[in-house]
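This report describes one protein chain, beginning with a single residue and ending with the chain as a whole. The sequence and the structure are shown here for reference.

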Amino acid sequence: MSGLRKQYRVFADYFQFYLWDHGTQPDAPTDYDDADSRRRIKVAPYVIVVLTERNMTVPVELTVLDSAPPLELDRWDHLVEASIEIPSGKLEVFECCGQSIDVLAIGEGSFRARVGYAGLDTLSPDGLDGDDIYSVSLWPAPVEPEVVLKTFERVG
């Protein structure tokens, strides 16, 4: 599974999309707080909600690796890590209020997800267009708390 790389166009309705365990198909959390908004993710059992800058179709790149990738802070506007457990061995990329985008056999266990956000300052004034990009790298790792590695602060 190492080195698997997929690219998607995901409709981020309500400014979000999901990564979750396909076998569990958990309910997406709805109890967001300010900390979730600052982190740009929400984590619940068997699911990570990626919070996007636009309420539109956005590009998403997903990579599955054997170990943590090099930390590339300069590449991202915002960078955060979280853990997800995949007891079924299948990760599903799912649109909020939409449909399944893909199901990937990645193996059973716990994984660390590093979510990178780039182009967050490229949105049009109406927020409908932009060159924002979302990247998720996953690798097997013990469950650990979420950590923000780099924070995007909007100017103006």
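Apart from its neighbours within four places in sequence, Asp 13 is in contact with Asn 55, Cys 96 and Cys 97 in this predicted model. Asp 13 belongs to the loop that runs between strand S1 (4-11) and strand S2 (16-21). Is Asp 13 buried or partly exposed? Its relative accessibility is 18%, so Asp 13 counts as buried, the cut-off for that class being under 20%.

Phe 15 has a positive phi, about 60°, and is not a glycine. A positive phi also occurs at Tyr 46, another residue that is not a glycine, with a value of about 70°. Tyr 46 sits in the loop between strand S3 (41-44) and strand S4 (47-51). Phe 15 is partly exposed, with a relative accessible area of 39%, and Tyr 46 counts as partly exposed at 32%.

| Residue | Relative accessible area | Class |
|---|---|---|
| Asp 13 | 18% | buried |
| Phe 15 | 39% | partly exposed |
| Tyr 46 | 32% | partly exposed |
| Ser 135 | 5% | buried |

Ser 135 is part of strand S10 (residues 133-140). With a relative accessible area of 5%, Ser 135 is buried. Which residues does Ser 135 touch, leaving aside its neighbours within four places in sequence? Its contacts are Glu 61, Trp 76, Arg 114, Val 115 and Gly 116.

Next come the aromatic rings. A search of the whole structure gives three aromatic pairs. One of them is formed by Tyr 117 and Tyr 134: the ring centres are 5.5 Å apart and the planes stand at 85°, so the pair is edge-to-face. The class follows because planes over 60 degrees apart count as edge-to-face. This pair links distant parts of the chain, with Tyr 117 in strand S9 (residues 109-118) and Tyr 134 in strand S10, 17 residues apart. Tyr 117 and Tyr 134 are both buried. Elsewhere, Tyr 18, Trp 20 and Phe 94 make up one aromatic cluster.

The remaining values concern the whole chain. How many helices and strands does the protein chain have? There are one helix and eleven strands. Along the sequence they follow the pattern β-β-α-β-β-β-β-β-β-β-β-β. A compact globule of 156 residues would have a radius of gyration near 15 Å, and the 14 Å of the protein chain agrees with this. Along the principal axes, the C-alpha atoms fill a box of roughly 45 × 35 × 30 Å.

Of the 156 residues, 46% count as buried. Among contacts between residues at least 6 apart in sequence, 76% join residues at least 24 apart. The protein chain exposes about 7,800 Å², of which carbon and sulfur atoms supply 48%.

Note on methods: Residues numbered from 1 in each chain as written. Predicted model: local features only at pLDDT ≥ 70, side-chain atom pairs only at ≥ 80, totals over all residues. Heavy atoms only, no water. Helix = DSSP H or I, 4+ residues; strand = E, 2+ residues; numbered from the N terminus. Rg over C-alpha atoms; globule rule 2.2 N^0.38 Å. Buried < 20%, exposed > 50% of the residue type's maximum accessible area, 1.4 Å probe, protein only. Contact = heavy atoms within 4.5 Å. Areas by Shrake-Rupley, 256 points an atom, 1.4 Å probe, with all protein chains shown as cover. Phe/Tyr/Trp six-rings, centres within 6.5 Å; stacked < 30°, edge-to-face > 60°.
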